[in-house]
Amino acid sequence: MKIVILDGYTENPGDLSWSGIEAFGDLTVYDRTPLNDHDEIAKRIGDAEVVYTNKTPITRETIAKCPNLKFISVLATGYNIVDVEAAKERGIPVTNIPTYGTMAVAQYAIALLLECCHHIGHHNQTVKEGKWQNSADWTYWDYPLIELDGKTLGIIGFGRIGQATGRIAKALGMKVIAYDEYPNDSGREIGTYVTLDELLAQSDVISLHCPLFPSTQGIINKDNIAKMKDGVIIINDSRGPLVNEQDMYDALESGKVAFFACDVVSSEPIKADNVLLKAKNCYITPHIAWAPKESRQRLMDIAVANLKAYVDGSPINVVNP
Ligand code: NAD
């Protein structure tokens, strides 16, 4: 059986092993494949039976050009890059990795929040630049430092990651409130469900953990920001388009939002003209919340299990049943 991985580098830049997948056949791994070159994508899949993709699109045309293709496995949770309907018409199961990094992404949301509270990166850098040596006093700090104990964290999207973030925040002494369309008992054990408007009005910190849907796109916009407390901190390691970036820029400039820390932006990799790059009090990281080795190993294990289940004749994690 021929197996092709179109863009394996971000999942495994060299610190993991593809051997679990290799055990099933003749494996070719490409670090990356040009995302817009559909001829090249089809050429690389060639007569393979199994293809893995992370972000490389597999369109209806690509599927049509690959008559031997029988199984598409996405090395991620989101599978919008695959034309799942076209695959279904050909009887090709498409699988994903439903969950692998809940704790890592929750931990990262708190890391972004703690950066807004202490600015550890900035203080480390200025110490190395000599600012402490030349300080008139035995200490200095360049930002207001913030204690979280007793403050209110509002979580929009109280699912796996949202609830895990809430549990960590509680350990820091925070009061957790949440807005979710589908409240559940495990959520009630961690925090109090409120309406979106109540959350916006009551939160000292707002962390986004809902999926990107038409109903959630731009949920952080100027109207909703106006309903928030002055000096609110906003965290986003869910999806970039949840935030209207121009509105966020304006709110950071005016001070209405004290800090915005995000791991995701509207278009990735970030574009040179992204307005957030010149916003003050804005921390941006390159979509790394998911990427600790432990999480990627879990992703790899599930990718292997998906292939094994296909080979055994009863595929799991199928998104186009
Ligand atoms: P999940 O499905 O367990 O939780 C999502 C929650 O959002 C659910 O409880 C759902 O009811 C709720 N929701 C849906 N629509 C809503 C709405 N309109 N308003 C409020 N809540 C709504 O998903 P999860 O595993 O917790 O992942 C959450 C998100 O985290 C993902 O959708 C993804 O965008 C993001 N994520 C980011 C990274 C990263 O590396 N930065 C990694 C993994 C996931």
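Strands here are DSSP E runs of at least two residues, helices are H or I runs of at least four, and both are numbered from the N terminus. Strand β1 runs parallel to β3, and 3 bridges join them. Two strands pair if DSSP finds at least two bridges between them. On another pairing of β1, 4 bridges link it to β2, again in the parallel sense, and there K2 has D26 of β2 as its bridge partner.

A word on conventions before going further. Residues are numbered from 1 along each chain as its sequence is written, and side-chain values use heavy atoms, with hydrogens and water left out. Because the model is predicted, local features need pLDDT of at least 70 and side-chain atom pairs count only at pLDDT 80 or more, while totals for chains, interfaces and linings use all residues.

Now step back to the sheet that holds these strands. It is an open sheet of 5 strands in the order β2-β1-β3-β4-β5, with parallel pairing. At its edges are β2 (26-29) and β5 (94-95), each pairing on one side only. Strand β4 (residues 71-74) pairs with β5 in the parallel sense over 2 bridges, and S73 stands opposite T95 of β5.

Helix α12 (residues 293-311) lies across β1 (2-5), β3 (50-53), β4 and β5, and runs at about 160° to β3. Such angles run from 0 to 180 degrees between N-to-C directions, with axes fitted as lines to C-alpha atoms, for helices over the stretch in contact. Contact itself means heavy atoms within 4.5 Å.

The model has 3 aromatic pairs, counted when the ring centres of Phe, Tyr or Trp (its six-membered ring) lie within 6.5 Å; planes under 30 degrees apart count as stacked, over 60 as edge-to-face and the rest as tilted. The ring centres of F71 and Y310 are 4.4 Å apart and their planes meet at 10°, so this pair is stacked. F71 belongs to strand β4 and Y310 to helix α12, so the pair links distant parts of the chain, 239 residues apart.

There is a second open sheet to visit, with 7 strands in the order β8-β7-β6-β9-β10-β11-β12 and parallel pairing. Its edge strands are β8 (192-193) and β12 (282-284), each of which pairs on one side only. Further in, β9 (residues 205-208) and β10 (residues 232-236) pair in the parallel sense over 4 bridges, and the bridge partner of S207 in β10 is I235. Helix α5 packs on this sheet, touching β9, β10, β11 (257-262) and β12, and its direction makes about 145° with that of β10. Helix α11 (residues 245-254) lies across β10, β11 and β12, at about 135° to β11.

Helix α5 (residues 102-118) also meets helix α7 (residues 160-171): their axes come within 8 Å and cross at roughly 50°. The two helices are therefore oblique to each other, given that angles under 35 degrees count as roughly parallel, over 145 as roughly antiparallel, 65 to 115 as roughly perpendicular and the rest as oblique. From α5 the contact is made by T102, M103, V105, A106, Q107, A109 and I110, and from α7 by R160, I161, A164, T165, I168 and A169. These residues divide into 9 nonpolar, 3 polar and 1 charged, where Ala, Val, Leu, Ile, Met, Phe, Trp, Tyr, Cys and Pro count as nonpolar, Asp, Glu, Lys and Arg as charged, and the others, Gly among them, as polar.

H119, in the loop between α5 and α6 (120-128), is a residue other than glycine with a positive phi, near 55°. In the loop between β11 and β12 sits P269, joined to E268 by a cis peptide bond with omega of about 0°.
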